[in-house]
Amino acid sequence: MGEKGLVPIVIGITGHRDIHKGNIGVLKKRIRQLINQFREDYPDTPLIMISPLAEGADRIAASVSVEMGVSLVVPLPFHVDEYMKDFSNNESCDEFKQLLLAAENSFVLPLVEGCSNESVQADACSREKQYALVGAYVARQCHILLALWDGKDTKKTGGTSQIVNFRLSGIMNGLPLKLKDTEEWMQRFDLPNPLDLPETGPVFHLKIVRQDEDSNLSNEDWLKYYPFEVTEVKYKLILKKINGFNVAITSGNITEKEYLSSRESLVPSSMQDKFAKVREKYNKNNLSTIDRMMEAYINADVLALKSQRGLAGVIPALRLIAIMAMIMVLSYEIYAHVWHGGLMLWIYLGAFIFGLSAYYFVRLLGNDKRYLDYRALAEGIRIQFYWLIGGLRENVHHHYLRKYHSELDWIREAFKGISINNISCECDADYALVQKAWIENQGEWFTSKIKENKSKTRKTMLEYSFLATLAITFTSALLVTMIPDFAVMEPVRNEILIVLMGLLPAGAAVYEHYSSKMAFEEHEKQYELMAHLFTRAKDQLDNTDNGLQAKRIIFEIGKEALAGNGDWLLIHRDRVIEPPKA
């Protein structure tokens with residue numbers, strides 16, 4: 001049931017159209033070998049080839065992909081009839097149509113600003129901009145970009161060298177930052193903040209010989225280029241984590257109860273009838289895009305909950321360690337001042353070893369980080385899901401944790417594969433469904449979490465204050481007994497006070513450590529902010545009947561939710577649960 005929502009690895013293609021025919025066999029062989037290597041390295045992960053199906057390199061990669069059962073996705077710079085005007089002959093047009101029929105999905109990209117249907121028919125510059133756009137789309141949407149390229153920098157707009165440079169640097173001179181008829185606040189191919197790191201990634205280059213060259217045919221292996229901030233080891237780790245997510249799905253046996261519960265958390269039962277109508281429209285026109293998005297969310301949500309349940313076992317183990325540590329203090333003081341028996345020390349030692357072993361067992365499984373990663377992935381998919389229903393084709397990976405690169409990059413990269421067909425969605429927005437099922441539902445959830453978190457914070461602080469007060473009281477009492485005129489207590493009572501004086505501060509420290517690790521105060525602030533933002537978004541949607549304004553509200557609340565998601569993830573990444581330190 002959950003296997004439909006696997007996260008794919010996306011391979012893109014760019015290259016020359018006029019590749020020497022004698023070179024094609026070698027190039028196909030190298031691509032086959034690479035696909036087989038990906039399947040060997042990431043056996044549980046489906047592969048997608050994204051190719052615009054231009055003559056030459058695009059079709060070489062596409063034909064190998066179809067032959068090997070790799071899903072083919074085709075973004076087009078123009079409508080089909082207009083695109084085929086650039087093909088060399090009828091045989092080429094037939095080849096294009098055949099590959100297009102074999103594709104899982106195809107779609108025409110929007111026009112860039114300054115272009116029109118008329119201008120792309122008559123103006124070479126407009127056509128170059130659309131080719132640059134489709135090349136940039138492939139480069140930004142894939143995990144690995146294949147380049148069948150002679151290695152020469154022509155500086156041509158939309159040329160192979162420019163696409164390769166864009167993939168490695170995030171910079172493409174001459175590519176407009178705005179699409180035609182797109183609002184300023186919703187630009188799909190821009191870098192919205194100059195402090196964001198550009199979206200870059202590896203390029204696998206095969207050097208080719210062009211049709212008009214007399215040099216020897218190329219028989220070289222792949223040359224692999226990585227951006228300056230990404231190493232080969234790091235990028236392989238990203239793909240390995242994507243595969244690990246898919247392994248967890250295929251081996252996890254999601255039950256019907258878990259499936260329905262997670263679906264309910266995405267679309268409340270009260271909105272299922274309304275959602276069914278929207279789902280029917282989207283799946284009819286967009287190759288089950290909404291269903292796939294829902295399946296991906298359910299998979300991530302169920303895995304997060306399972307990992308959280310595994311992590312829950314750590315907290316009792318840590319509490320056991322903390323309790324036994326306090327008993328150790330008590331037993332040691334009693335041993336030193338009251339009773340010289342070793343029983344309590346042995347009890348503590350056994351309990352400490354047991355609790356610590358249980359803790360490191362859970363840590364060894366990595367459930368703590370997997371829970372955080374899967375939860376963050378699920379919440380990002382939730383936002384992508386409702387952006388689609390709200391008529392937005394923007395991809396969440398353009399807005400998630402873009403200020404730096406880290407071990408969390410795999411989550412952003414996973415979004416690429418999940419959202420690969422977003423731009424092809426052409427159904428009318430359902431703002432009422434978005435408001436009821438997402439915005440109001442999330443606002444209520446954050447509001448309930450504020451109350452729950454305040455209760456936990458209050459309880460922990462009361463316990464901490466109680467122990468700290470007792471420690472001060474017993475310390476004061478001990479000081480009083482040391483005054484000659486008040487030294488009326490028996491020695492054993494003094495010793496008991498000494499024991500309590502050491503034990504109670506230790507208990508207070510344990511409570512403070514627990515509160516810090518659970519980030520109660522940080523959660524309270526974050527929940528209050530998010531509850532306010534979702535309530536504000538609801539009020540704004542209630543007071544507008546303008547479709548563009550509604551889209552903007554949905555877009556902005558989605559970005560805020562992504563930011564909050566990232567903040568939550570970073571808070572807990574910095575507070576990995578561990579035993580209290582002395």
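How many helices and strands are there in the protein? There are 19 helices and seven strands. These are DSSP runs numbered from the N terminus: helices are H or I with at least four residues, strands are E with at least two.

Ground rules next. This is a predicted model, where local features need pLDDT of at least 70 and side-chain atom pairs count only at pLDDT 80 or more, while totals for chains, interfaces and linings use all residues. Residues are numbered from 1 along each chain as its sequence is written, and side-chain values use heavy atoms, with hydrogens and water left out.

Now the overall picture. Of the 582 residues, 51% count as buried. Buried means under 20% relative accessible area, exposed means over 50%, and partly exposed is in between, using a 1.4 Å probe and protein chains only. Take contacts, meaning heavy atoms within 4.5 Å. Among those between residues at least 6 apart in sequence, 81% join residues at least 24 apart.

Next, helix α2. Is α2 largely enclosed or open? Eight of the 11 residues in α2, residues 57–67, are buried, so this helix is largely enclosed by the rest of the structure. Among the buried ones are Ala57, Arg59, Ile60 and Val64. What covers them? The cover on the buried residues of α2 includes β1 (9–15), α1 (24–41), β2 (47–50), β3 (71–76), α4 (90–102) and β5 (144–149). Just after α2, glycine 69 takes a positive phi of about 75 degrees.

On to charge pairs. A salt bridge here is a side-chain nitrogen of Lys or Arg within 4 Å of a carboxyl oxygen of Asp or Glu. The count comes to 21.

One: arginine 127 and glutamate 82 meet at 2.5 Å, N to O. Arginine 127 sits in α6 (124–141) and glutamate 82 in α3 (80–83), so the pair ties together parts 45 residues apart in sequence. Both residues are buried.

Two: aspartate 430 and lysine 274, at 3.6 Å, N to O. Aspartate 430 is in the loop between α15 (409–418) and α16 (431–481), and lysine 274 is in α10 (272–285), so this pair ties together parts 156 residues apart. Aspartate 430 is buried at 16% relative accessible area. Lysine 274, at 34%, counts as partly exposed.

Last point. Salt bridges that share partners join Glu82, Lys85, Asp86 and Arg127 into one network.
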